[in-house]
Amino acid sequence: MSERIYEEAWEYTMKVLHDLYKSQNNEDIFKLWFNMNYVEDTIDTITVSVGSTFLKQAMEKKGHFDIVLKKLKEITDQDNIKLNVIVVKEEESKKSDTNESSSKSEKSEDSNENITKDKKSSDSGDSKKQSFKKHQQLLEDYTFETFIPGENSQYAYNAAIAVANEPGKKFNPILFYGGSGLGKTHLMQAIGNYINNHNSEKLKICYVSAESFTNEFILSLKEKTEKSFKNKYRNLDVLLLDDIHFLQGKESTQEELYLTFDALSQKKAQMVFTCDRPIREIKTMAERLVSRISSGVCIDLQPPNYETRCAILQKKIEIHNRSLEPEIIDYIAKNVETNVRELESALDKVLGYEELIGKKLNLEIVKNLLRDIISSNSSENISLDIIQKVIAENYQISVSDLKSKKRDKKYVVPRQIAIYIARELTEIAYTELGNEFGGKDHSTIMTAYKKIAEQIKIDPTLESKIQLYIREIKEYKK
């Protein structure tokens, strides 16, 4: 039976923690990772609820329950207090059973009150889901709840939440950049969906790809409807412009975007952009447009690490209301490293097979099922020729220049990067690499590798570039 003796202490504890995180400019982290609701308590246990099994597991892993419990003990001066965390969705079915059995046996008034309270809480949660306001340009699945942040994307994720909470005030403009399938569009649309659903005033939100923006602009010129086009984009409250690298070399469209940017900036409208590389690396992009976009925050998304890939798979499996053996999840996470899109594609293939065939999956079946995907992602298929072609293209030099003995910086830096990547992705020996790069000796190749390895430690920009090149190399053969 709930005594509710710790309810005030719980509320005060959460207030103290909220104030602490707010003072450290981490209020967004508090809102995300301390999202717990008081349920009931006994003489030594406080029961709280969270919204999903995944959230509970993530909060446990990050130690947030321990932080709350420690603060609770300090405030109550009770060292024997325990925290019991339940998942609302899982408890609903149990509460239904409790309601059925209550007609057969007497319950105390407190117990009945709690059941009623939980039922109302559940109904409230359902009504929130039903009240989701669909924006015609945004995908409903692209929300913060379905995005799994890891070390590769935590900063981008937190920044996106900050933007969504206070559009036009923090991180404006904001640019997410990185390779294909890493979550840039997901975060961008999550911002749009959140603003669309959590603002009392109706804001004008527009999501558009750079290609569509360009085509629409050209059509407005052709049909002499430029005024209508300008009114549409320059009066927005939130502009979400995807894949701005498409604007490369399109001078008139860049000029129009620049003017749109200035108009939106003056009215403090929120602007969010995505790109497949750092904006300053886009060839033939107007310097003043680059300068405007760079004046905000530019955040790099890297491929997810193993732990994050596992979390993504587990979350997707949970969404599908399915289950897979841990060894299968481990196998997929270890072998599909390029991006989230390929990871999800592999999982869909596995779950689809199980559903269509109706056969319980084991690791051998999954290995056979994913052999093409795993093979295409294998470093064994990466040749030195591909590495040299990709690096030469990015630095606008020829492969023969890259392999030559030329000592100009224009050739030395890309050559060193190509050597570093070759050592990272292949088993080619230093001596063989020397033969492929102008007949250099073993020690010269080793020095080139070490130089890049040391620079990466102190230059995050260089690391981002190399990761981008590696993604291009892995996808070159596809």
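The lining of the second largest pocket has nine charged, six polar and three nonpolar residues. In this count Asp, Glu, Lys and Arg are charged, Ala, Val, Leu, Ile, Met, Phe, Trp, Tyr, Cys and Pro are nonpolar, and the others, Gly among them, are polar. This is a predicted model, in which local features need pLDDT of at least 70 and side-chain atom pairs count only at pLDDT 80 or more, while totals for chains, interfaces and linings use all residues. Residues are numbered from 1 along each chain as its sequence is written, and side-chain values use heavy atoms, with hydrogens and water left out.

**Pocket and cavity**

- The second largest pocket holds about 480 Å³ of space, and R277, E281, N394, L468 and E472 lie nearest its centre among the 18 lining residues.
- Helix α23 (460–476) and helix α18 (384–394) each give at least two residues to that lining, and α23 has the largest share with six.
- There is one cavity of 30 Å³ or more, and the largest cavity has about 40 Å³ of space.
- Lining the largest cavity are K133, I195, N196, N199, E201, K202, L203 and I205, which by class are three nonpolar, two polar and three charged residues.
- Both terms come from a 1 Å grid over the protein atoms alone: a cavity is a set of points where a 1.4 Å probe fits but cannot get out, a pocket is an open set with protein on both sides within 12 Å along at least five of seven lines, and lining residues have an atom within 4 Å of a point.
- Grid points are joined across faces, edges and corners, and a volume is the space filled by probe spheres set on the points.

- Helices (H or I, at least four residues) and strands (E, at least two) are DSSP runs numbered from the N terminus.

**Aromatic rings**

- The structure holds 11 aromatic pairs, meaning rings of Phe, Tyr and Trp (its six-membered ring) with centres within 6.5 Å; planes under 30 degrees apart are stacked, over 60 edge-to-face and the rest tilted.
- F213 and Y233 form an edge-to-face pair because their planes are at 70 degrees, with the ring centres 5.0 Å apart.
- This pair joins helix α9 (residues 210–222), which holds F213, to helix α10 (residues 226–234), which holds Y233, across 20 residues.
- F213 is buried at 1% relative accessible area, and Y233 is buried at 1% as well; buried means under 20%, exposed over 50% and partly exposed in between (1.4 Å probe, protein chains only).
- Ring pairs also link F144, F147, Y157 and Y194 into a cluster.
- K250 lies over the face of F246 at 4.2 Å from the ring centre, and the charged end of R423 sits over the ring of Y430 at 4.0 Å from its centre.
- A charge sits over a ring if NZ of Lys or CZ of Arg is within 6 Å of the ring centre and within 35 degrees of the ring normal.

**Backbone details**

- Most residues other than glycine have a negative phi, and most peptide bonds are trans.
- The N172 to P173 peptide bond is cis, with omega near 0 degrees, and P173 lies in the loop between α7 (154–165) and β4 (174–177).
- K224 has a positive phi, near 55 degrees, and is exposed at 68% relative accessible area.
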